[in-house]
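I opened the notebook to record what I looked up in this structure. The entries follow in the order I made them.

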Amino acid sequence: MVNPNEKQFLNLPFTGITTFGKYPVCASLDELDADVAVLGVPNDMGTQWRSGARMGPRAVREGSTLYSFGLDGAYDIENDITYLGPRWNVVDCGDVDIVHGDIMQSHDNTEAAVRKIVDKGAFPVIIGGDHSITAAVGKGLEELGPFHVIQIDAHLDWADHRSGMRYGHGNCIRRLSELDHVQDIFQFGIRGISSSLKEDVDAAREYGSTILSPAKMREKGIEGLLDLLPKGEKYYITIDIDGIDPSVAPGTGTPSPGGLYYDEVNQLLKAIANHGEVVAFDLVEVAPQYDLTGMTGQTAARIMLDLLSYVTKKKEENDL
């Protein structure tokens, strides 16, 4: 029984250091010893319209503090399950060093950091930054391959180049398709005018990419979507916050009406985590200055914690 007169260290969301989920800090990747490593990549030099995603890692960390009461495990009332219990050592590794004005050096730094996390045996959780970072993250995950890519996004991101720029946020999924350790690619939530040129869509389909709009996803339902994914294989999930409808998450540089809703994404991620092995994931394109309510960062943090919960619970069940 809890003694009401006994003082407790509450560590409330608005106190202390704002790490992801208020998990402890790992100051050096050389000293990383954890099950899960959260890494920020505050790079938005790849944006083609509104910048600001460089502030995404800070906003997501801030939003995640709301859910920080569960350092000894977080009870989910809807699923009647406790996630992320004491057996899981989760740490926040801070941010990749970004070199202002040098996108390729910043991408190289990102790749090197992710490779180090993989070498240390930790599960990589990446916070962007714009979507250009995903090409570098995907390279850094080489030792975890081969794997399939599952993208949740409003935009196809399959442009070969824009006036010679091959590593912006509109190129990242095409760059992943060129990696030997990447297999099938599934692009969910794609919609709207100006998402891509027709030749980019044709190139993605020629590669073999599966492209579905939110409307087509709803027609298929969760089970229909799972039928598309190779069961029991490895997945790398990349989530662009603009895949979520801007009525829910307006804080992004390229919002697009007609998107997915939180519950839909949550249910899909839970199903995917139980369908195969998620080896890493990222969430990108949160630009907090376009959302004065802070809900975009909070929603992004919730999605990340949801997916991490589902992945770790699946690992627990596999260990039984």
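**Entry: helix 3.** I checked how far helix 3 is covered and found seven of its eight residues buried, so helix 3 is largely enclosed by the rest of the structure. I wrote down the buried ones: Ile-133, Thr-134, Ala-135, Ala-136, Val-137, Gly-138 and Gly-140. I noted that the model is a predicted one.

**Entry: His-131.** Next I looked up His-131, which sits in the loop between strand 5 and helix 3 (133-140). Is His-131 buried or exposed? Its relative accessibility is 0%, and because buried means under 20%, His-131 counts as buried. I then listed what His-131 touches, leaving out residues up to four places away in sequence. The list has Gln-151, Asp-153, Asp-157, His-169, Cys-172, Thr-238, Asp-240, Val-284 and Glu-285.

Entry: I traced an open sheet of eight strands and noted the order 4-1-5-10-9-6-7-8, with parallel pairing. Which strands stand at the edges? They are strand 4 (90-95) and strand 8 (210-212); each has a single partner strand, so one side of each is left without a neighbour in the sheet. Neighbouring strands of this sheet are turned by 15 degrees against each other on average, direction ignored.

Strand 6 (residues 147-152) pairs with strand 7 (residues 182-188) in the parallel sense, over five bridges. In this pair I found Val-149 opposite Ile-185 of strand 7.

**Entry: helices across the sheet.** I looked for helices lying on these strands. Helix 6 (residues 214-228) lies across strand 7 and strand 8, and runs at about 140 degrees to strand 8. Helix 1 lies across strand 1 (36-41), strand 4 and strand 5 (123-128), and its angle to strand 5 is about 110 degrees.

**Entry: helix 1.** I stayed with helix 1 and asked how many of its residues are buried. The count is seven of nine, so helix 1 is mostly covered, given that buried means under 20% relative accessible area. The buried residues are Gly-56, Pro-57, Ala-59, Val-60, Arg-61, Gly-63 and Ser-64. Their cover includes strand 1, strand 4, strand 5 and helix 8.

**Entry: helix 1 against helix 8.** I noted first that two packed helices are described by the angle between their axes and the distance between the axes. Helix 1 (residues 56-64) packs on helix 8 (residues 295-319) at about 75 degrees, and their axes are 7 Å apart. That makes helix 1 roughly perpendicular to helix 8, because angles from 65 to 115 degrees count as such.

From helix 1, the contact uses Ala-59, Val-60, Gly-63 and Ser-64. From helix 8, Gly-297, Gln-298, Ala-300, Ala-301, Met-304 and Leu-305 meet them. I sorted the residues of this contact into six nonpolar, four polar and no charged.

**Entry: Lys-313.** Leaving aside neighbours within four places in sequence, Lys-313 is in contact with Ile-81, Thr-82 and Tyr-83.

Terms used
Residues numbered from 1 in each chain as written. Predicted model: local features only at pLDDT ≥ 70, side-chain atom pairs only at ≥ 80, totals over all residues. Heavy atoms only, no water. Axes fitted to C-alpha atoms, helices over the stretch in contact; angles between N-to-C directions. Helix = DSSP H or I, 4+ residues; strand = E, 2+ residues; numbered from the N terminus. Parallel < 35°, antiparallel > 145°, perpendicular 65-115°, else oblique. Contact = heavy atoms within 4.5 Å. Nonpolar A, V, L, I, M, F, W, Y, C, P; charged D, E, K, R; others polar. Pairing = 2+ DSSP bridges. Buried < 20%, exposed > 50% of the residue type's maximum accessible area, 1.4 Å probe, protein only.
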